[in-house]
Amino acid sequence: MDLKHQDITQKIIGASFEVHKFLGNGFQEVIYQRALAYEFHQAGLTFAREIEQHIYYKNLPEPIGTRRADFVVEEKILVELKAKSELEPAHFAQALNYLKVYKLEIGLLINFGSKSLEFKRLIRT
């Protein structure tokens with residue numbers, strides 16, 4: 001089965017495994033974010049980190065707030081990082097909301113906080 005942007009998501013997941021293999025769990029999210037930025041660079045991926053995105057509500061002309069996703073890779077894949085003992089439904093909801101406001105179709109929710117790296121592929125339908 002071919003997944004959309006599979007080539008990019010495989011590189012992202014590979015970079016995440018490299019970070020987790022070296023650092024393990026137990027650090028703050030920002031530490032993983034910095035290490036992952038290095039690994040993305042090593043993998044030849046272009047990315048933007050913590051881009052602020054306006055959130056609009058219905059037909060209001062002014063944004064009602066902003067959010068920052070951890071990464072947008074190759075202008076196609078949203079990457080949201082966590083450093084929690086386990087992923088919770090709220091983490092999935094947050095990542096899916098980011099996909100909507102960033103107008104992206106594919107996202108990865110990656111958790112460095114558990115003993116083994118966890119990642120979930122998300123699709124905005």
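Where is the place of Glu105? Glu105 sits in the loop between α3 and β6, the latter covering residues 106–111. The structure described here is a predicted model.

**Glu105 and its surroundings**

Leaving aside residues up to four places away in sequence, Glu105 touches Lys4, Leu99, Leu122, Ile123 and Arg124. With Lys4 there is also a polar contact, made between the two side chains at 2.6 Å. His5 lies 100 residues from Glu105 in sequence, yet the C-alpha atoms of these two residues are 9.9 Å apart in space.

| Pair | What is compared | Distance |
|---|---|---|
| Glu105 and Lys4 | side chain to side chain, polar contact | 2.6 Å |
| Glu105 and His5 | C-alpha to C-alpha | 9.9 Å |

**The largest pocket**

The largest pocket holds about 170 Å³ of space. Its lining is made up of Gln53, His54, Ile55, Tyr56, Lys100, Val101 and Lys103. Two elements give two or more residues to this lining: β2, residues 52–55, and α3, residues 89–102. Of the two, β2 supplies the largest share, with three residues. By residue type, the lining of the largest pocket has three nonpolar, two polar and two charged residues.

Note on methods
Residues numbered from 1 in each chain as written. Predicted model: local features only at pLDDT ≥ 70, side-chain atom pairs only at ≥ 80, totals over all residues. Heavy atoms only, no water. 1 Å grid on protein atoms, 1.4 Å probe; cavity = no way out; pocket = protein on both sides within 12 Å on 5 of 7 lines; lining within 4 Å. Points joined across faces, edges and corners; volume = space filled by probe spheres on them. Helix = DSSP H or I, 4+ residues; strand = E, 2+ residues; numbered from the N terminus. Nonpolar A, V, L, I, M, F, W, Y, C, P; charged D, E, K, R; others polar. Contact = heavy atoms within 4.5 Å. Polar contact = N/O pair within 3.5 Å; in protein donor to acceptor, adjacent residues only side chain to side chain.
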